[in-house]
Amino acid sequence: MLQNDNRAQFSTRLGVIATTVGSAVGLGNIWRFPYEAGTHGGGAFLITYLCFIFAFGIPILCAEFMIGRGTHSNIFGAFRQLRSSGKWHWVGYIGIVASIMILSFYSVVAGWTLEYLYQSITGALNLNSQEAYHAQFQQFSTHPWRPLLWTILFLIVNFVIVIRGVQKGIERMSNIMMPILFLILIIFCVNSLLMPGAKEGLEFLFSPDFSKIDSSVMVSAMGQAFFSLSLGLGTMMTYASYFSKETHIVKSATITACLDTTVAILSGVIIFPAVFTFGVSPTQGPALVFEVLPNIFNQLPGGSLWSILFFFLLFIASLSSTISMSEVSIAYFTEEKKMSRNKATILNTAIALIFGTLCALSFNCLDNITIAGMTIFSIFDYVSSNILLPAGGMFISFFAGWLLDRSFIHNQLTNNGSVKVRVTKAIIFSLKYVAPTGIILVFLSSLKLI
Ligand code: PHE
């Protein structure tokens with residue numbers, strides 16, 4: 001699909017949903033959501049996150065879809081086409097910086113997935129206590145070269161797929177893999193609901209203590225909403241440039257957001273009952289799911305088979321996400337800087353290798369380099385997800401709400417009047433007022449300015 005410039009299109013409606021969901025569903029849902037929810041009060045985080053998904057997420061996803069399909073262009077070209085004067089293409093630079101930062105730390109976690117896949121195969125994950133799983137992760141993540149090796153390996157796999165333009169193969173594969181992932185998540189959910197800590201876990205996730213909603217919860221829930229929907233950096237815009245004129249934008253955005261959110265919630269329902277059953281602190285941070293999931297699998301009949309299947313599927317889910325984020329800078333280098341696809345892919349990977357190395361090493365030899373108590377890995381995660389993506393989203397929503405021609409919006413949302421969309425007004429209202437002001441208010445409150 002994305003390998004040449006003749007702007008092929010997704011042939012089926014399923015193709016559209018599968019690719020956008022392929023980008024959205026990944027480590028963000030299964031690794032990042034539980035750890036963010038765990039450190040930010042569980043239910044308080046979930047409810048705030050859901051508000052952001054519906055109030056800003058879906059409207060901004062619609063905006064990226066409209067702009068992408070309407071201009072058939074990457075984020076730079078799109079803004080230039082729609083507004084030749086002005087500096088709007090700068091939003092593209094935010095997207096590129098964010099995409100490279102995310103690719104760097106994401107590859108480290110995807111590397112952990114590969115290590116855990118490997119350990120499941122060799123039987124090294126058959127341990128007998130939660131302490132042992134904790135020690136196992138600590139030992140691995142602080143190892144001087146192992147995590148780095150996996151990070152590099154993951155980036156190479158990503159590179160080979162992107163440079164050969166064989167995304168189609170991966171997309172076809174993820175069309176099959178995603179439903180399987182979904183299915184086994186449901187099985188794991190049932191298993192977790194039968195655990196002794198189920199009640200406590202579900203209460204933690206689903207009964208919000210509203211007094212806990214402060215600016216830090218809001219910033220991280222907002223960041224998580226953007227991260228999980230692959231929003232604010234032009235990924236979805238680039239994908240939408242391949243939509244056909246029949247693609248129903250509002251429906252596609254809603255389905256993508258709902259499936260993505262469902263996977264995150266399923267993941268929470270798997271993790272938190274286990275967290276309370278095994279006596280783990282939910283505030284562990286990035287290590288959380290890697291310490292808890294293997295213990296869950298170990299207690300299932302056929303343990304390592306589940307674990308192999310799961311980590312393999314998670315690896316594919318991560319890959320379909322990194323392919324989509326790589327496309328942001330590759331589209332910039334090829335379409336704006338007129339580089340060949342090969343050069344662009346090499347450049348993208350080389351930059352990610354440098355920063356990915358720093359992120360991987362920030363768990364061991366670089367762990368003393370911190371800013372405001374955050375390691376290099378956490379800074380990349382925090383700055384890209386909680387600052388750059390919402391900032392990009394704010395500009396996109398402002399642009400769509402205030403500067404885009406109303407007839408352009410109308411034609412895009414209704415496919416030139418051929419489908420009825422009842423929520424057009426609500427979407428425009430959000431893009432115009434709710435999303436931009438909401439995002440600014442969250443930023444201001446986190447800076448303690450309000
Ligand atoms: N949404 C992806 C996930 O949840 C991550 C991602 C972010 C992908 C930004 C593309 C762009 O794992």
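**Buried contacts, salt bridges and a nonpolar patch**

At 2% relative accessibility, Asn158 counts as buried (buried is under 20% relative accessible area, exposed over 50%, partly exposed in between, with a 1.4 Å probe and protein chains only). This is a predicted model, in which local features need pLDDT of at least 70 and side-chain atom pairs count only at pLDDT 80 or more, while totals for chains, interfaces and linings use all residues. Residues are numbered from 1 along each chain as its sequence is written, and side-chain values use heavy atoms, leaving out hydrogens and water.

Asn158 sits in helix H7, residues 146-163 (helices, H or I of at least four residues, are DSSP runs numbered from the N terminus). Setting aside neighbours within four places in sequence, Asn158 touches Leu103, Leu319, Thr322, Ile323 and Ser326, where contact means heavy atoms within 4.5 Å. With Ser326 there is also a side-chain to side-chain polar contact at 3.1 Å (a pair of N or O atoms within 3.5 Å, one able to donate a hydrogen and the other to accept it; residues adjacent in sequence count only if both atoms are side-chain atoms).

Next come the charged pairs. Seven salt bridges turn up in the structure, each a side-chain nitrogen of Lys or Arg within 4 Å of a carboxyl oxygen of Asp or Glu. Arg32 pairs with Asp381, with the closest N and O atoms 2.7 Å apart. Arg32 lies in helix H2 (residues 27-39) and Asp381 in helix H16, so this pair ties together parts 349 residues apart in sequence. Arg32 is buried at 0% relative accessible area, and Asp381 is buried too, at 2%. Arg32, Glu36 and Asp381 are linked in a salt-bridge network. Out in the open, Glu246 and Lys245 meet in a salt bridge at 3.8 Å, N to O; Glu246 is exposed at 56% and Lys245 at 63%.

As for cysteines, the model has zero disulfides (pairs of cysteine sulfur atoms within 2.5 Å). The sulfur of Cys189 is 17 Å from the closest cysteine sulfur, in Cys258, which is too far for a bond. Cys189 is buried, at 7% relative accessibility.

Helices H16 (376-403) and H18 (424-446) each supply at least two of the patch residues. Trp402 belongs to helix H16 and, at 42% relative accessibility, counts as partly exposed.
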